[in-house]
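This report describes how the secondary-structure elements are arranged within each chain and how the two chains are placed against each other. The sequence and the structure come first, and the description follows.

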Protein chains: 2
Amino acid sequence: MKALKKRIRNIPDFPIKGIQFKDITTLLSDPASYQRAIDLMAHRHFQKGVEAVVGIEARGFVMGAAMAYKLGIGVILVRKAGKLPHKTVAAEYTLEYGKDRLEIHEDAVRPGMKVVVADDVLATGGTVSAVVDLLKRQGAVVVECCFLAELTDLRGREKLKGQKVFSLLKFRD
Amino acid sequence: MKALKKRIRNIPDFPIKGIQFKDITTLLSDPASYQRAIDLMAHRHFQKGVEAVVGIEARGFVMGAAMAYKLGIGVILVRKAGKLPHKTVAAEYTLEYGKDRLEIHEDAVRPGMKVVVADDVLATGGTVSAVVDLLKRQGAVVVECCFLAELTDLRGREKLKGQKVFSLLKFRD
């Protein structure tokens with residue numbers, strides 16, 4: 001994992017002072033690193049009956065789309081408010097630096113449907129725990145929340161108690 | 001292509017009256033349709049020296065990430081203003097219903113680098129032509145602009161003159 005970690009660029013004080021932002025674009029644009037990261041995130045879900053990967057806007061679309069393609073299943077989009085054109089159900093959540101609202105099409109998941117949630121970085125866990133609640137309210141079974149990277153000091157896992165969580169790369173700050 | 005076209009849901013009057021919005025989420029969440037669409041969009045670029053797929057925020061991230069994964073290359077993100085953490089170069093463009101600004105990391109492409117631009121829908125072509133200009137200014141060679149769907153009546157191709165354009169599914173309205 002060391003080689004993959006090195007491909008992530010640290011940007012101090014973005015988007016506000018004091019935040020060490022993990023820039024994943026440098027990993028995504030490196031062919032070998034990108035392929036390896038997606039393989040490692042996807043392989044653990046092979047032949048376990050997962051029916052879709054749920055990608056969270058916007059960088060979660062990258063992880064979710066590639067993982068779903070690799071797994072031979074579909075990808076479901078969770079989007080910022082007002083972006084999805086059909087009838088939606090929504091969840092509000094608190095960000096590391098702000099507040100926001102996410103939506104999913106009301107017919108995107110069926111009761112009992114097994115899904116994996118994908119995003120790029122697990123920080124405080126506010127976003128993904130809102131998405132998990134939303135999916136459960138719709139009757140989906142969230143098999144795992146799967147991240148490229150995790151900022152362990154922000155303790156996002158605590159917000160996801162009772163939920164299986166996987167992160168490929170762990171950062172202390 | 002008929003089976004794939006049927007998987008796209010038409011939403012009248014979204015986001016404003018008079019627009020027939022093509023909802024691609026119903027195609028993306030269907031495993032066979034999603035796999036087939038990505039295969040058909042990616043296969044044409046196999047072994048032609050393409051070094052990266054450029055995905056346009058946000059639904060272009062889905063197409064771009066999956067295509068790049070399939071092709072064994074990296075994915076480069078073009079994002080809305082203020083989203084990319086490192087130094088960026090920007091392009092302004094006019095949308096079908098509004099104005100906006102896109103950015104790319106200034107070190108995302110090298111001079112002479114062969115890239116394919118991916119997005120979900122070619123409408124008026126304003127967004128993608130701004131992205132093509134931006135990439136060319138950075139010295140990239142844009143091999144093709146590749147779309148899941150095209151709204152042919154909006155004549156986006158005319159804005160992309162001199163540029164190779166491919167769309168998998170064509171809609172008249």
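## Helices α3 and α4 of chain A

In chain A, the α3(A) residues A:Y34, A:I38, A:D39, A:M41, A:A42 and A:H43 meet A:V62, A:M63, A:A66, A:M67, A:K70 and A:L71 of α4(A), where contact means heavy atoms within 4.5 Å. The residues of this contact divide into nine nonpolar, one polar and two charged; Ala, Val, Leu, Ile, Met, Phe, Trp, Tyr, Cys and Pro count as nonpolar, Asp, Glu, Lys and Arg as charged, and the others, Gly among them, as polar. Helices (H or I, at least four residues) and strands (E, at least two) are DSSP runs, numbered from the N terminus.

The axes of α3 (residues 31–43) and α4 (residues 59–71) of chain A come within 9 Å and cross at roughly 65 degrees; axes are lines fitted to C-alpha atoms, for helices over the stretch in contact, and angles run from 0 to 180 degrees between N-to-C directions. The two helices α3(A) and α4(A) are therefore roughly perpendicular to each other, a term that covers 65 to 115 degrees, while angles under 35 count as roughly parallel, over 145 as roughly antiparallel and the rest as oblique.

## Basis of the model

The model is predicted: local features need pLDDT of at least 70 and side-chain atom pairs count only at pLDDT 80 or more, whereas totals for chains, interfaces and linings use all residues. Residues are numbered from 1 along each chain as its sequence is written, chains are lettered from A and ligands numbered from 1 in the order in which they are written, and side-chain values use heavy atoms, with hydrogens and water left out.

## The sheet in each chain

In chain A, seven strands in the order β5-β6-β4-β3-β7-β8-β9 form an open sheet with mixed pairing, two strands being paired if DSSP finds at least two bridges between them. Its edge strands, each pairing on one side only, are β5 (88–95) and β9 (165–171) of chain A, and neighbouring strands are turned by 20 degrees against each other on average, direction ignored. Strands β3 (residues 52–56) and β7 (residues 114–122) of chain A run parallel and are joined by four bridges, with A:A52 standing opposite A:V115.

Chain B likewise has an open sheet of seven strands in the order β5-β6-β4-β3-β7-β8-β9, with mixed pairing. Here β3 (residues 52–56) and β4 (residues 74–80) of chain B pair in the parallel sense over five bridges, and B:G74 is the bridge partner of B:A52 in β4(B). Helix α3 of chain B lies across β7, β8 and β9 of chain B, running at about 150 degrees to β9(B).

## Relation and contact of the chains

Between the chains, the axes of α4(A) and α3(B) come within 10 Å and cross at roughly 100 degrees, which makes α4(A) roughly perpendicular to α3(B). Residues A:A65, A:A66, A:A68 and A:Y69 in α4(A) meet B:Y34, B:Q35, B:I38 and B:D39 in α3(B), and the residues of this contact divide into six nonpolar, one polar and one charged.
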